[in-house]
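Let's take a quick tour of a protein model, one spot at a time. Keep the 3D view open as you read.

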Amino acid sequence: FALILLYNGAAKADARAEILIEGSTGRVLYANNAEAALPMASTTKIMTALLALELCDLNDTVTAGHNAFGVPGTSIYLSEGESLTLLQMLMGLMLSSGNDAAVAIAEHIGGSVENFCAMMTARARELGCKNTVFLTPHGLPKAGHQTTAHDLALIAREAMKNKTFRSIVATQKASIPWAGHDYERVLTNKNRLLSSYQGATGIKTGYTAAAGRCLVFSAQRDQMELIGVVLNCPDWFDEAEKLLDEGFDEWQMITLLSKDEAVRTLKVENGATDHVDVIAALDVAGPVRLNDW
């Protein structure tokens with residue numbers, strides 16, 4: 001992809017690495033240090049959720065084993081042996097960023113965390129991620145667990161093609177069962193852009209001392225959805241809003257061909273007819289910088 005700066009002059013990015021892409025095409029609109037391999041904290045869980053949605057049924061029963069019980073960091077406080085549906089586990093994973101839910105999902109699908117992480121890394125390779133290695137399903141610090149802003153944007157772009165994933169990461173608050181309690185778990189999404197930014201559609205926050213504040217975010221206006229990543233960014237939400245504002249101000253989706261539109265007519269020799277029409281099977285559209293149009 002060509003890397004195209006949105007900012008003028010000597011404007012300095014707040015993040016250690018960041019990128020903004022257009023969702024339908026994957027075109028890079030802005031990038032800064034986007035190929036640097038860095039830890040990514042709980043934004044790891046985007047791939048955990050994507051694999052779960054690709055490989056399992058939402059009604060599958062997922063049981064928290066010994067390894068899922070008491071995982072450090074953010075948690076939905078699963079008890080050992082407690083079972084939820086996969087959908088409920090995914091809500092806990094993506095809204096409350098439950099590290100225990102990540103381990104439960106990983107062991108349910110991969111049999112072990114190690115095997116599931118190998119599956120995560122392999123799936124990332126299929127998406128074109130060249131510098132991503134998953135060693136945990138949740139993003140707690142581990143040497144060698146890394147991605148790049150560009151790779152993470154590719155993973156998020158693929159995940160946002162899934163309707164269930166989109167629904168989960170756009171949910172601000174939900175309740176799921178809590179075994180042994182007379183009330184349900186209340187899950188609150190940590191992504192404040194969902195309430196503060198017009199058109200926000202997701203996606204996931206993350207923080208550890210090693211990774212800093214990490215955010216994968218998206219928003220849609222008119223026919224254009226933008227997906228962005230900031231890694232190790234103290235002002236993560238402000239920086240995300242700045243990138244989105246610049247993207248929507250500077251770029252517009254242009255439809256070059258509409259579905260079923262005739263492209264051209266070709267001659268046919270020795271056929272049942274002397275010509276055939278070439279018709280667009282889908283809309284052909286892409287982001288264009290307004291100043292260049």
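## A hidden alanine

Ala-17 is buried: its relative accessible area is 0%. Keep in mind that this is a predicted model. You'll find Ala-17 in strand β1, which covers residues 17–22.

So who are its neighbours? Setting aside residues within four places in sequence, Ala-17 touches Asn-32, Asn-33, Leu-38, Ala-149, Val-229, Val-230 and Leu-231. There's also Asn-232, which sits 215 residues from Ala-17 along the chain, yet the two C-alpha atoms are separated by 7.1 Å.

## Helix α3 under cover

Now jump to helix α3, residues 99–110. Its 12 residues reach 16 Å from the first C-alpha to the last, close to the 16 Å expected at 1.5 Å a residue. Most of this helix is covered, with 10 of its 12 residues buried. Among them are Asn-99, Asp-100, Val-103, Ile-105 and Ile-109.

What covers the buried residues of α3? The cover includes helices α1 (45–55), α2 (86–94) and α4 (113–126), plus strand β3 (61–63). Just past the end of α3, Gly-111 takes a positive phi of about 85°.

A disulfide is a covalent bond between the sulfur atoms of two cysteines.

Cys-214 is buried, at 0% relative accessible area. Cys-129 counts as buried too, with 1% relative accessibility.

Technical notes: Residues numbered from 1 in each chain as written. Predicted model: local features only at pLDDT ≥ 70, side-chain atom pairs only at ≥ 80, totals over all residues. Heavy atoms only, no water. Helix = DSSP H or I, 4+ residues; strand = E, 2+ residues; numbered from the N terminus. Buried < 20%, exposed > 50% of the residue type's maximum accessible area, 1.4 Å probe, protein only. Contact = heavy atoms within 4.5 Å. Expected span 1.5 Å × (residues − 1).
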